[in-house]
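Open the model in a viewer and keep the selection panel at hand. The stops below can be taken in order.

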Amino acid sequence: MTAVAELMDYAEVLERFDPVLGLEVHVELNTKTKMFCGCANEFGGEPNTKTCPTCLGLPGSLPVVNGKAVEGAIRIGLALNCEIAEWCRFARKNYFYPDMPKNFQTSQYDEPIAFDGYLDVTLDDGEVVRVAIERAHMEEDTGKSLHVGGATGRIHGAEHSLLDYNRAGVPLIEIVTKPITGTGARAPEVARAYVTALRDLLRAIGVSDVRMDQGSVRCDANVSLMAKDAEEFGTRTETKNVNSLRSVERAVRYEMTRQAAILADGGSIRQETRHFQEADGTTAAGRAKETAEDYRYFPEPDLVPIAPSREWVEQLRATLPEMPWERRKRIQEEWKLSDEALRDLLNVGAVDLVAATVEAGATPDEARGWWVNTLAQEANSREMELGELPITPAQVAEVIGLVTSGELTNKLAKEVVQGVLAGEGAPREVVEKRGLKVVSDDSALLAAVDEALAAQPDVADKIRGGKVAAAGAIVGAVMKATKGQADAKRVRELIIERVGS
């Protein structure tokens, strides 16, 4: 059984140490084919059905660079304010692991295609942190190992392993930050906000589907601590393949508290990879972390260098769409949002969802109300991202339209949304299946009004005496009798008419 790590209180960590972060984000591109061969670049499928001699590393096979992947890499670099290399080349990164069929990864080392950039990241309270980008380089993804048996799903304790090479050779861009310092207590938040902003950027320029749940975006979080009087960075750990925004934040915070406890006890940090445990938010030791020398990089002899012309780079720059931060500024002005209202949208990840709902016919205020309140609460209860909820902006707009037309009350609309989330179909289908349509027939409403008035004659007398506010009690009785399906406004009108007649 693995020993429970000692942890230091987070406040004490901050009193004694300064955190230093380095984030490496791997992005699978959405090209039709793999990086160096013509195999389909598609998620899933039967194991080992999207392979060929090249991506299996068989003798005699030769790679050919995917031009669309190079284009995607350049567009990512431009969006990150990077310099684009006039000349760069691939390198072989040598290491041995079963899901690496060639026993080396075709990557880039000291000659990346994009370098020296930055990304401005907005935190929850509106503070902007500039994260410097060291480089963005091209490489290929590995295959997948499935370790069978054992309690953890990892190789230790497994009875045997299965290998699926469908993902081997998928185009991958690795985006590496420079050391992120000076963030103090907000280091975990900065890490999450950076990956969030990067994901939004990648989605905006259309180079990846950014499905973190499918591994299209994965973050390796490097964390080290410096004593307050230190001049050099501490030894880092690298928590590998963190695949959700919340987990990035949790992993950084946990590593800060774990490392601080070791250092305070006179111990030293082992430079190693670690694995994030979703169940309890901890990390577990992996392997000793290699240095660049251990990988024995050397230029890839089977591929020619890449030399993007300046004309081509500028053509690609012209294809970049409105960036997410520019779009947010425009939306704030068009929708007349306060800074606080915009931050609320950002904090729950609702900007794009609200915009799509508005495009589908809803007003900004109506769309914002549903996503920021009702649906954000639902996402929190399910512990998932807002955009992962099984309801589309078009469906939310349809529900809003049913309320606007008077076919649903707000209460009934929430029931309809619950039905959609439960997989019962589109909004109108849920209305029909659950019988949730508003009762608008005056004869039916009058019968319920008469019954309520007869049951509460004292209230009826108060209304006749001029205390119109007392009608609320009758409205409530009618709404209860109709199971919330009456139009409250129309019910109130009928009550006043009935008592006054």
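This is a predicted model: local features need pLDDT of at least 70, side-chain atom pairs count only at pLDDT 80 or more; totals for chains, interfaces and linings use all residues.

Residues are numbered from 1 along each chain as its sequence is written, and side-chain values use heavy atoms, with hydrogens and water left out.

**Domains**

Colour residues 10-291 as domain 1, 322-434 as domain 2 and 442-500 as domain 3. These bounds come from an automatic or database domain assignment. Taken over C-alpha atoms, the centres of domain 1 and domain 3 are 63 Å apart.

Select N94, which is in strand 3 (residues 91-94). Strands here are DSSP runs of E with at least two residues, helices are runs of H or I with at least four, and both are numbered from the N terminus. N94 has a relative accessible area of 10% and is buried. Buried means under 20% relative accessible area, exposed means over 50%, and partly exposed lies in between, with a 1.4 Å probe and protein chains only.

Now show what surrounds N94. Leaving aside neighbours within four places in sequence, N94 is in contact with N103, F104, D294, Y295, R296 and F298; contact means heavy atoms within 4.5 Å. For R296, display the backbone oxygen: a polar atom of the N94 side chain lies 2.8 Å from it.

Y295, one of these contacts of N94, also has K93 over the face of its ring, at 4.4 Å from the ring centre. A charge sits over a ring if NZ of Lys or CZ of Arg is within 6 Å of the ring centre and within 35 degrees of the ring normal. For another such arrangement, select R253, which lies over the face of Y10 at 3.8 Å from the ring centre.

**Aromatic rings**

Rings of Phe, Tyr and Trp (its six-membered ring) pair if their centres lie within 6.5 Å; planes under 30 degrees apart count as stacked, over 60 as edge-to-face and the rest as tilted.

How many aromatic pairs does the rule give? The count is four. One to select is F36 with F90, an edge-to-face pair with 5.4 Å between centres and 80° between planes. F36 is in the loop between strand 1 (17-28) and helix 2 (67-79), and F90 is in the loop between strand 2 (83-84) and strand 3, so the pair ties together parts 54 residues apart in sequence.

**Salt bridges**

A salt bridge is a side-chain nitrogen of Lys or Arg within 4 Å of a carboxyl oxygen of Asp or Glu. The count by this rule is 35.

Begin with D141 and R218, whose closest N and O atoms are 3.0 Å apart. This pair links distant parts of the chain, 77 residues apart: D141 is in the loop between strand 6 (128-140) and strand 7 (144-148), and R218 is in strand 10 (residues 217-227). Are the two partners buried or exposed? D141 is buried at 4% relative accessibility, and R218 is buried at 9%.

Next select E424 and R434, which meet in a salt bridge at 2.8 Å, N to O. E424 lies in the loop between helix 12 (410-421) and helix 13 (427-434), and R434 lies in helix 13, so the pair ties together parts 10 residues apart in sequence. E424 is partly exposed at 25% relative accessibility, as is R434 with a relative accessible area of 34%.

Then show R199, D200, R203, R327 and D352 together: salt bridges that share partners join them into one network. Within this set, the side chains of R199 and D200 meet at 3.7 Å, N to O. R199 is buried at 14% relative accessible area, and D200 is buried at 19%.

**Two loop residues with positive phi**

Select K336, in the loop between helix 7 (324-335) and helix 8 (339-347). Its phi is near 55°, a positive value in a residue other than glycine. K336 is exposed, with 73% relative accessible area.

Finish at E383, in the loop between helix 10 (364-382) and helix 11 (393-404). E383 is not a glycine, yet has a positive phi of about 55°. At 66% relative accessibility, E383 is exposed.

Note on methods:
A polar contact is a pair of N or O atoms within 3.5 Å; within protein, one must be able to donate a hydrogen and the other to accept it, and residues adjacent in sequence count only if both atoms are side-chain atoms.
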